[in-house]
Protein chains: 2
Amino acid sequence: MKKKVLLTPGPTPVPERALTRMAMPALHHRHSEFKKVLGEVREGLKYIFQTKGEVIIFASSGTGAMEAAVTNTLCKGDSVLVVQGGKFGERWGQICKAYGVVADILEVEWGKAVKVAEVAAKLKEKPYKALLVQATETSTAVRHPVKELAELVKGTDTLYIVDGVTGVGVFPLPFDELGIDVLVTGSQKALMLPPGLAFAALSEKAWKACDKSDLPKYYFNFKKELKNLGNNETAYTPAVSLLVGLHEVIKMYKEETLEKVFAENAKMAEACRAALVALGLKLFAPESPSEACTAAWTPANVDGAEVVKRIRDVYGYAIAGGQDQVKGKIIRIAHMGYISRYDLVACIAALEQTLNDLGFKVEPGKGVGAATAVLGK
Amino acid sequence: MKKKVLLTPGPTPVPERALTRMAMPALHHRHSEFKKVLGEVREGLKYIFQTKGEVIIFASSGTGAMEAAVTNTLCKGDSVLVVQGGKFGERWGQICKAYGVVADILEVEWGKAVKVAEVAAKLKEKPYKALLVQATETSTAVRHPVKELAELVKGTDTLYIVDGVTGVGVFPLPFDELGIDVLVTGSQKALMLPPGLAFAALSEKAWKACDKSDLPKYYFNFKKELKNLGNNETAYTPAVSLLVGLHEVIKMYKEETLEKVFAENAKMAEACRAALVALGLKLFAPESPSEACTAAWTPANVDGAEVVKRIRDVYGYAIAGGQDQVKGKIIRIAHMGYISRYDLVACIAALEQTLNDLGFKVEPGKGVGAATAVLGK
């Protein structure tokens with residue numbers, strides 16, 4: 001009977017306004033009512049991506065847009081450089097491999113951001129066709145230096161392809177200004193919707209690469225979607241209800257403004273870090289933390305999986321654990337989208353109780369106090 | 001302010017029960033609450049597909065599952081036979097072409113079903129790797145002889161791949177019994193949900209073909225999804241809210257039983273045909289009409305597009321027009337999913353009024369009476 005609250009780095013909670021809109025009777029995707037919605041969604045996506053260009057929409061999870069970024073801009077046998085510092089970096093490499101694109105992997109220690117100088121050195125070794133990276137590597141809660149990397153490829157023939165699934169709408173990634181070539185995201189993170197929509201913005205350079213790409217594709221076809229969007233349609237039946245929800249979310253972003261959303265996320269991230277440190281936990285990515293979510297090592301002798309299970313099952317707060325090499329060793333708390341600052345504070349209180357339950361003694365209120373001190377500044 | 005009712009052959013209306021479930025706070029796709037839902041959805045899909053095997057689920061529109069059917073079971077350079085009697089038959093050919101599969105096109109006049117003898121003759125010419133067809137060619141409202149075609153390929157090496165987007169849940173397509181190898185569908189037709197989910201059932205023969213397939217794929221990967229489903233997960237973030245809606249729809253199917261749903265759809269299709277004929281319209285597919293939707297030629301001197309526009313804008317009933325070669329020449333009325341027999345009757349009444357408005361004089365109640373006479377039998 002007790003309320004459950006999601007502070008997971010995707011999916012994030014869906015605002016009641018969006019849930020209610022999505023519960024309205026279905027619209028037909030070829031009718032004017034829906035076309036009007038899609039037209040406004042197109043404009044809204046430009047606002048959120050900070051671009052003048054069209055943002056492509058797929059009915060799929062974010063991985064679909066990642067695949068499209070590869071198969072629409074590259075050719076068989078192309079060499080690309082992939083920054084791999086976690087699960088999602090690995091995904092770039094897997095997608096390239098599946099389509100016969102040669103991916104050189106720049107391995108980055110989990111919990112660290114890629115060093116700009118290392119990328120620069122690699123880019124000098126070979127004329128890479130593309131550089132692929134994550135804005136936030138969600139599995140480690142690390143923010144990679146997207147802006148600095150952009151400088152490296154600016155004016156070259158290398159395409160700069162960024163997975164912004166846990167980035168767009170979280171912190172500034174001004175597409176046109178930074179000079180990113182393809183930026184993708186999904187619906188279930190900062191866009192506060194259920195999963196099932198994927199998006200991609202493309203630069204002029206990326207659109208030219210689409211003309212030359214020889215990799216096979218059908219459903220995930222940027223050019224076909226671009227053509228259809230001009231008529232407020234999609235090439236295949238769109239995920240109508242999720243787009244109606246997005247229409248509402250975009251209104252919320254415009255009412256709040258991107259600037260305020262970014263500032264609030266940054267503040268909450270700072271508060272979360274302060275709380276975890278005050279509780280005696282060690283941050284997993286202290287040097288380059290993301291504003292989307294924060295990761296910390298669980299204390300020695302405390303199983304991270306137990307923390308995640310207990311705080312959810314007993315106290316109703318869903319946070320995430322670690323994956324693969326850090327499974328059971330870290331916890332991850334999200335603070336983006338429709339997670340409020342006092343959702344975060346309450347979650348920290350529940351974490352304090354959970355740690356005490358599991359034998360790691362913390363002073364009740366210590367983490368909460370550290371968080372609220374930051375939030376009150 | 002007036003109510004709008006969808007009688008379009010996709011999307012179809014979403015039951016209030018499903019809308020309400022989908023408006024509940026988001027579940028996390030790795031949590032036990034959702035895994036329980038997915039486990040029951042898996043069982044329910046087996047019931048609806050009438051198979052003992054696993055039904056694969058993608059977050060995409062139906063076209064995604066069509067693409068997967070090709071890229072997961074075939075090899076580059078394979079020759080396949082495609083039945084093409086409308087827009088969706090064309091899609092099979094386009095997908096094959098995009099991936100280097102050689103598609104021989106068996107053209108069928110729009111409004112006609114493919115002749116079994118013609119397919120038999122073609123299959124004797126070449127050892128085709130696959131036969132691809134639609135259960136209902138939605139663009140013409142024709143039902144192809146799926147069962148009879150199954151007999152042709154049974155015991156051969158040819159894979160039988162059926163687009164059941166407008167078929168599964170509409171009329172009997174018992175997967176295991178018929179010997180179909182891949183049967184795909186989407187969420188927005190008989191499954192009464194918003195678009196955004198695609199499904200595919202596979203035979204043992206199809207799974208073996210997956211082991212040999214060399215076409216590139218990443219997001220649409222049957223084997224990867226099969227492995228994950230065993231743990232009540234999907235390879236990539238699933239469309240959680242739509243799957244929760246499907247959970248409710250499956251309950252409705254089980255309460256009603258497939259047999260009753262099929263019988264009701266057949267009855268409504270018969271009633272719709274009787275009504276259109278009584279109004280003096282000529283059926284577009286009289287010999288092999290689908291139970292999903294009915295198409296009729298609009299009268300000479302009446303623009304089909306005007307009929308569709310007026311009945312929707314003035315009277316609130318959304319039906320479909322024709323596409324491509326029959327654009328403006330036919331109307332299509334759906335009677336599947338959450339469209340009730342008296343939704344259909346009301347739509348016929350609105351059609352009578354619309355035809356009168358546009359100068360084609362019909363006696364008010366004549367179509368309605370013909371429909372209710374059939375329904376009352």
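The model is a predicted one.

**The sheet in chain B**

Chain B has an open sheet built from seven strands, and its pairing is mixed. Going across, the strand order reads 2-10-9-8-5-3-4. Strand 2 (55-59) and strand 4 (102-107) of chain B sit at the edges, each pairing on one side only. Ignoring direction, neighbouring strands of this sheet are turned by 20° against each other on average.

Let's look at one pairing inside the sheet. Strand 3 (residues 79-84) and strand 5 (residues 130-134) of chain B run parallel, paired over three bridges. Here B:Val82 stands opposite B:Leu132, which belongs to strand 5 of chain B.

What lies across strand 9 of chain B? That's helix 3 (residues 62-73) of chain B, running at about 160° to strand 9. The helix also lies across strand 2, strand 5, strand 8 (159-163) and strand 10 (197-202) of chain B.

**Where the chains meet**

Chain A puts 42 residues into the contact, and chain B puts in 42 residues as well. On the chain A side, the helices below each supply at least two residues.

| Helix of chain A | Residues |
|---|---|
| Helix 1 | 16-22 |
| Helix 3 | 62-73 |
| Helix 4 | 87-98 |
| Helix 10 | 240-256 |

Helix 3 of chain A gives the largest share of that side, with four residues.

Notes: Residues numbered from 1 in each chain as written. Chains lettered and ligands numbered in written order. Predicted model: local features only at pLDDT ≥ 70, side-chain atom pairs only at ≥ 80, totals over all residues. Pairing = 2+ DSSP bridges. Axes fitted to C-alpha atoms, helices over the stretch in contact; angles between N-to-C directions. Contact = placed C-beta atoms within 7 Å.
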